[in-house]
Amino acid sequence: MGQCGITSSKTVLVFLNLIFWAAAGILCYIGAYVFITYDDYDHFFEDVYTLIPAVIIIAVGALLFIIGLIGCCATVRESYCGLTTFVVILLLVFVTEVAVVVLGYVYRAKVEDEVNSSIKKVYDEYSGTNSNAQSRAIDYVQRQLHCCGIHNYSDWQYTRWYEESKNNSVPISCCKTNVGSCTGSLTHPEDLYQEGCEALVVKKLKEIMMYVIWTALTFAAIQMLGMLCACIVLCRKNKDPAYELLITGGTHA
């Protein structure tokens with residue numbers, strides 16, 4: 001029965017190590033996705049420390065690939081030292097992922113305040129030229145999120161760009177995609193996106209944080225199972241003399 005338990009634990013452990021390799025790729029992808037998305041919205045979000053969870057996720061992904069390699073070799077060769085190292089590293093990664101979850105929740109709560117404090121400044125610096133970073137950011141967000149202005153399209157009337165252009169219109173990026181003749185004129189508000197961008201930017205950034213949080217929680221649970229299986233193999237190996245004799249090829253007299 002003990003030998004059966006060890007064999008089952010080893011089989012599960014090898015399978016989990018293969019999952020760790022897949023997880024390494026997924027975690028690196030999630031981290032990279034957060035970085036790329038942040039680059040699109042960074043003008044609305046001034047706190048770069050919000051990227052800490054993404055940095056940790058990428059580091060954990062790289063470490064998981066190494067863990068999978070150590071785990072597979074240690075399990076196949078039934079190395080006590082290798083399995084012990086495997087458990088210790090998994091425990092450290094587990095603690096790190098718990099930290100990612102905590103940081104994710106902390107920064108997720110700060111998203112709304114960050115966006116609220118910076119979005120008006122970004123809109124005030126809009127110039128309508130492609131060479132202006134704020135202009136590119138606003139046009140991108142309005143097209144991607146199908147929004148216009150901070151709270152609605154009328155907010156553009158209080159911007160410096162509107163006062164200087166004096167053409168009673170908003171940027172073309174406010175135009176609905178299904179209206180080909182839209183010029184951004186406020187005389188045809190039905191051609192413009194009705195929802196403001198502030199709430200949608202907050203929603204988008206919070207969704208990204210939730211991706212990070214749920215990814216960390218999922219793989220933390222898998223790592224707990226890996227640690228459990230490795231501990232079972234280690235404990236059975238230490239307590240079962242017959243198993244030790246089998247491993248050493250029956251050389252004991």
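Tutor: Buried means under 20% relative accessible area, exposed means over 50%, and partly exposed lies in between, with a 1.4 Å probe and protein chains only. We are looking at a predicted model, where local features need pLDDT of at least 70, side-chain atom pairs count only at pLDDT 80 or more, and totals for chains, interfaces and linings use all residues. Residues are numbered from 1 along each chain as its sequence is written, and side-chain values use heavy atoms, leaving out hydrogens and water.

Student: Why is cysteine 175 called buried?

Tutor: Its relative accessible area is 10%, so cysteine 175 falls in the buried class. Cysteine 182, at 11%, counts as buried too.

Student: What makes cysteine 175 and cysteine 182 a disulfide?

Tutor: The term asks for a pair of cysteine sulfur atoms within 2.5 Å. Here the S to S distance is 2.1 Å, and the pair is joined. With -70° about the S-S bond, this link is left-handed.

Student: How many disulfides are there by this rule?

Tutor: The count is three. Cysteine 147 bonds to cysteine 197 with sulfur atoms 2.0 Å apart, and cysteine 148 is joined to cysteine 174 at 2.1 Å.

Student: Why is the disulfide of cysteine 147 and cysteine 197 called right-handed?

Tutor: The torsion about its S-S bond is about 95°, so the link is right-handed. This pair ties together distant parts of the chain, 50 residues apart: cysteine 147 sits in the loop between helix H4 (133–145) and H5, and cysteine 197 in helix H6. Helices here are DSSP runs (H or I, at least four residues), numbered from the N terminus. Cysteine 147 and cysteine 197 are both buried.

Student: What is the handedness of the link between cysteine 148 and cysteine 174?

Tutor: Its torsion is about 85°, so that disulfide is right-handed. Cysteine 148 and cysteine 174 are buried as well.

Student: Which pattern do the disulfides follow?

Tutor: Counting bonded cysteines along the chain, the pattern is 1-6, 2-3, 4-5.

Student: Why is cysteine 28 called partly exposed?

Tutor: Its relative accessible area is 28%, so cysteine 28 belongs in the middle class.

Student: What makes lysine 166 exposed?

Tutor: Lysine 166 has 72% relative accessibility, so it counts as exposed. The residue lies in the loop between helix H5 (160–165) and helix H6 (197–239), and it has a positive phi of about 50° although it is not a glycine.

Student: How do you know that asparagine 168 is partly exposed?

Tutor: Its relative accessibility is 33%, which means partly exposed. Asparagine 168 is also in the loop between H5 and H6, with a positive phi near 50°.

Methods. Helix = DSSP H or I, 4+ residues; strand = E, 2+ residues; numbered from the N terminus.
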